[in-house]
Amino acid sequence: MLTKRIIPCLDIKDGRTVKGVNFAELRDAGDPIELAALYALQGADELVFLDITATVEKRKTLSELVNKIAHKINIPFTVGGGIKTEEDVSVLLQNGADKISINTAAYIAPSIIKSFAKNFGSQCVVLAIDTKCEADGKWYVYLNGGRQKTDTLTTEWAKKAVDLGAGEILLTSMNHDGTKQGFALDITATLSSTLPVPIIASGGGGESAHFYDVFTTGKADAALAASIFHYKELAIPDLKQYLNNKGIPIRL
Amino acid sequence: MNTVIIQYNAGNIQSVLYALERIGMTAVVTDDPSLIQSADKVIFPGVGEASTAMQYLKERNLDVLISELKQPVLGICLGMQLMCRHSEENNTPCLGIFDEQVQKFTTSIPTLKIPQMGWNTICDLKTDLFTSVPENSFAYFVHGYYATIGAHTIAKTDYILTYSAALQKDNFYGVQFHPEKSALVGEQIIKNFIAL
């Protein structure tokens with residue numbers, strides 16, 4: 001049976017792993033290659049590396065770091081941050097990335113989703129969406145690491161992106177990110193039950209029960225978390241054993 | 001040991017090279033016919049679309065070359081599918097090494113996503129390719145098309161239906177999953193192939 005995926009996310013800044021609370025107050029969480037190898041050994045199903053400063057400071061994602069990671073770990077990994085062109089994607093895939101993640105650049109120029117899917121295959125195009133539930137109860141798309149609001153509904157943008165060729169959606173709830181109070185179950189379930197591609201839920205995972213909830217009520221195909229793994233608040237083997245005991249299909 | 005990875009217009013070729021390097025081996029990535037023919041082991045990887053890949057191979061006569069290889073050959077993912085007779089992906093005639101057909105996953109259940117993406121179990125394991133690999137080991141899959149069960153099936157997986165996770169005929173082996181991304185299980189399978 002196809003299993004639900006547990007995905008540690010390593011936010012990278014200046015070659016180090018960082019994790020913010022509500023996208024601010026960055027704090028150093030360690031060497032990314034060391035962490036990546038540890039997570040792979042512990043049973044992480046995939047890894048995501050996001051160069052979180054890339055869009056703002058117009059830096060390219062650290063392809064050298066990607067190459068080192070690819071030589072070290074034996075599970076699939078996604079790289080995101082500042083990817084805009086086919087050349088950007090090509091360099092990352094050549095250096096060993098399995099998938100690339102795009103966010104703001106895809107919103108500004110949706111045609112890149114189509115060209116990336118055509119040239120590299122939908123399976124390697126992950127569309128990341130930062131979303132926030134506003135006072136009107138609707139979920140809107142945010143850009144530039146959550147600093148810029150748009151008037152676009154998350155459901156509409158996700159559907160358009162999938163139609164253009166996005167192979168997976170990485171959905172981060174800004175309301176939940178960093179809170180450790182649980183994932184955004186409603187919007188995750190809405191996307192997962194209306195779109196044909198896998199949905200990775202992100203933001204808010206604080207304890208094992210939150211992951212159970214997002215795989216059942218939230219209908220997520222995968223769940224991503226960062227700080228709880230980095231700061232050893234929750235060990236991946238314990239989380240996976242818990243989910244397995246609760247009847248969730250998990251790779252042990 | 002002289003291992004060659006066939007270079008063509010498909011993804012994940014570097015990943016296969018890095019996987020070999022992780023287990024202390026090396027390989028040459030090339031589309032040079034003489035290097036491919038003289039190799040001890042040939043790996044035929046691939047992520048992408050069937051008709052584009054077949055067209056590329058035909059333009060370089062690599063289709064005939066691959067079919068006539070005598071040393072152990074390992075097709076991975078699209079590579080394995082291209083070694084079958086025919087793919088429903090853009091109605092593409094393939095190399096015809098394996099008789100099994102490549103068909104598209106279809107389902108009316110919305111929670112079953114297509115392509116299948118993630119870790120699934122492999123069972124009914126046969127041949128030395130799976131030496132020291134326990135039944136129901138997990139492997140990493142990404143695919144929207146599958147090979148049917150047939151005489152050449154040497155591993156099976158369930159997703160929507162039961163299909164061939166691996167195929168073998170004479171010196172030709174194919175795996176639908178990605179051993180280069182399947183953690184320790186994948187490393188064992190790569191080691192087994194190199195040891196054939």
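Biologist: Which residues have the most contacts inside the largest nonpolar core?

Modeller: First, the idea: a nonpolar core is a set of buried Ala, Val, Leu, Ile, Met, Phe, Trp, Tyr and Cys residues joined through C-beta atoms within 7 Å. Buried means that 20 or more other C-beta atoms, placed from the backbone, lie within 10 Å of a residue's own. Here that core has 142 residues, and A:L47, A:L127, A:I169 and A:A223 have the most contacts inside it. Keep in mind that this is a predicted model, where local features need pLDDT of at least 70, side-chain atom pairs count only at pLDDT 80 or more, and totals for chains, interfaces and linings use all residues. Residues are numbered from 1 along each chain as written, with chains lettered from A and ligands numbered from 1 in written order.

Biologist: And what is A:A223 in contact with, beyond four places in sequence?

Modeller: Contact means C-beta atoms, placed from the backbone, within 7 Å. For A:A223 the partners include A:I6, A:I7, A:F183 and A:F215.

Biologist: How much of chain A counts as buried?

Modeller: 55% of its 252 residues. The C-alpha trace spans about 45 × 45 × 40 Å along its principal axes.

Biologist: How many residues does each chain bring to the contact between A and B?

Modeller: Chain B brings 28 and chain A 27. On the chain B side, α1(B) gives the most, six residues; helices (H or I, at least four residues) and strands (E, at least two) are DSSP runs, numbered from the N terminus.

Note on methods: Two residues are in contact if their C-beta atoms, placed from the backbone, lie within 7 Å. A residue is buried if 20 or more other C-beta atoms lie within 10 Å of its own, exposed if 12 or fewer, and partly exposed in between; C-beta atoms are placed from the backbone.
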